Amino acid sequence: MSSQHEVPLSSPGHREDLRADCSACFGLCCVALPFARSADFAVTKPAGRPCSHLRTDFRCGIHERLRDKGYAGCTVFDCFGAGQKVSQVTFGGTDWREAPQTAHAMVEVFPVVRQLHELLWYVTEALGLAPARPVHGELRRARDRIDGLTRGSAESIAALDVQALRGEVNVLLLRAGELARAHVPGRRKDHRGADLVGAKLAGAGLRGASLRGALLVAADLSGADLRDADLIGADLRDADLSGADLTGALFLTQAQLNSARGDAATVLPPALSRPAHW
């Protein structure tokens, strides 16, 4: 059976502009975001303060040793390309060290654009789902609207009501996911928003299931059939995906995979990469 994802190589469905390009960013994730000392971070850092490991060229000084140094949380984060958008488009390539007066605005704008780019990732994926054609028109309009918002001024971006926008777009994504999963034979399980923390789901038949927003922290999903499952917003931290089949999994992100555990036998969607720590 051919994949339901029908995205030509030249189409925006490959989402290259929604992938982080750290070489074109001013280290914004290392400055704008706060973190607390925990199993994920070795120290506490407030929003707006540069990480002590941020080099003068805006690269991470311990990038290859983040997990060993206690910064596993950094290896999970994905800005969906928001870093280079804010650095090169919103602020025209002028960094916060050259123009310190822009630092506060960059810190304020970056998390907003990151959320907008995440929405663009989902919408673009939905546009690549052939069964979701009935909502493609609305999805294209939503994509164009969101993209336009990311290109506004720093002031207009900071003033956005992102939660309201997410609510509007989620209606379309839900419909797209339902249409895409409708082709899966048999009864499709509904675990939307379910508390499955630590659940024993090894080898589970979850093809076409709705796992939207499900809590799957430390769940055993080894060998599970997750083909065509809707995983938008699912919490996969420390979930065991060893040998799981994620072919055609809907709205799965790199950040979700990075937070989970897997192995060489885990089957991934083509748009995503096998995390280095697996």
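**Close-up 1. Helix α7 and its covering elements.** In this predicted model, the elements that cover the buried residues of helix α7 include α4, residues 103–127, and α5, residues 136–150. Helix α7 itself runs over residues 162–181 and holds 20 residues, and the distance from its first C-alpha to its last is 27 Å, close to the 28 Å expected at 1.5 Å a residue. The helix α7 bends by about 25 degrees at V169, and V169 is itself one of the buried residues of α7. Also buried in α7 are V162, L165, L172, L173, A176, G177, L179, A180 and R181. As a general point, an α-helix has 3.6 residues a turn, so residues three or four places apart point the same way.

Close-up 2. A search of the whole structure finds 0 disulfides. For C25, the nearest cysteine sulfur belongs to C79 and lies 6.3 Å away, and C25 is in no disulfide, because a disulfide would require the two sulfur atoms to be within 2.5 Å. For C51, which is likewise in no disulfide, the nearest cysteine sulfur is that of C30, at 6.0 Å. C25 is classed as buried because its relative accessible area is 12%, under the 20% limit for that class, and C51 also counts as buried, at 15% relative accessibility.

Close-up 3. In one of them, the side chains of E16 and R19 meet with an N to O distance of 3.3 Å. E16 is exposed, with a relative accessible area of 54%, whereas R19 counts as partly exposed at 26% relative accessibility. In the other, the side chains of R55 and D57 form a salt bridge with an N to O distance of 2.8 Å. R55 counts as partly exposed, at 39% relative accessibility, and D57 counts as partly exposed as well, at 40%.

Close-up 4. The side chains of R261 and D238 meet in a salt bridge, 3.0 Å from N to O. This pair links distant parts of the chain, with R261 in the segment after α8 (254–259) and D238 in the loop between α7 and α8, 23 residues apart. R261 is partly exposed, with a relative accessible area of 38%, and D238 is partly exposed too, with a relative accessible area of 40%.

**Close-up 5. Surroundings of D235.** D235 is found in the loop between α7 and α8, and at 17% relative accessibility this residue counts as buried. Leaving aside residues up to four places away in sequence, D235 touches A214, L215, L216 and V217.

Close-up 6. A search of the whole structure finds 7 aromatic pairs. The rings of F35 and Y71 have centres 6.3 Å apart and planes at 85 degrees, so this pair is edge-to-face. F35 and Y71 both lie in the loop between α1 (29–32) and α2 (72–76), yet they are 36 residues apart and the pair links distant parts of the chain; F35 is buried, and so is Y71. Y122 and F251 form another edge-to-face pair, with 5.9 Å from centre to centre and 90 degrees between the planes. Because Y122 lies in helix α4 and F251 in the loop between α7 and α8, this pair ties together parts that are 129 residues apart in sequence. Y122 counts as buried at 5% relative accessibility, and F251 counts as buried at 0%.

**Close-up 7. The ring cluster of F26, F58 and W96.** Ring pairs link F26, F58 and W96 into a cluster.

Terms used: Residues numbered from 1 in each chain as written. Predicted model: local features only at pLDDT ≥ 70, side-chain atom pairs only at ≥ 80, totals over all residues. Heavy atoms only, no water. Helix = DSSP H or I, 4+ residues; strand = E, 2+ residues; numbered from the N terminus. Expected span 1.5 Å × (residues − 1). Bend = angle between axes of the 7 residues up to and from the residue. Buried < 20%, exposed > 50% of the residue type's maximum accessible area, 1.4 Å probe, protein only. Contact = heavy atoms within 4.5 Å. Salt bridge = Lys/Arg side-chain N within 4 Å of Asp/Glu carboxyl O. Phe/Tyr/Trp six-rings, centres within 6.5 Å; stacked < 30°, edge-to-face > 60°.
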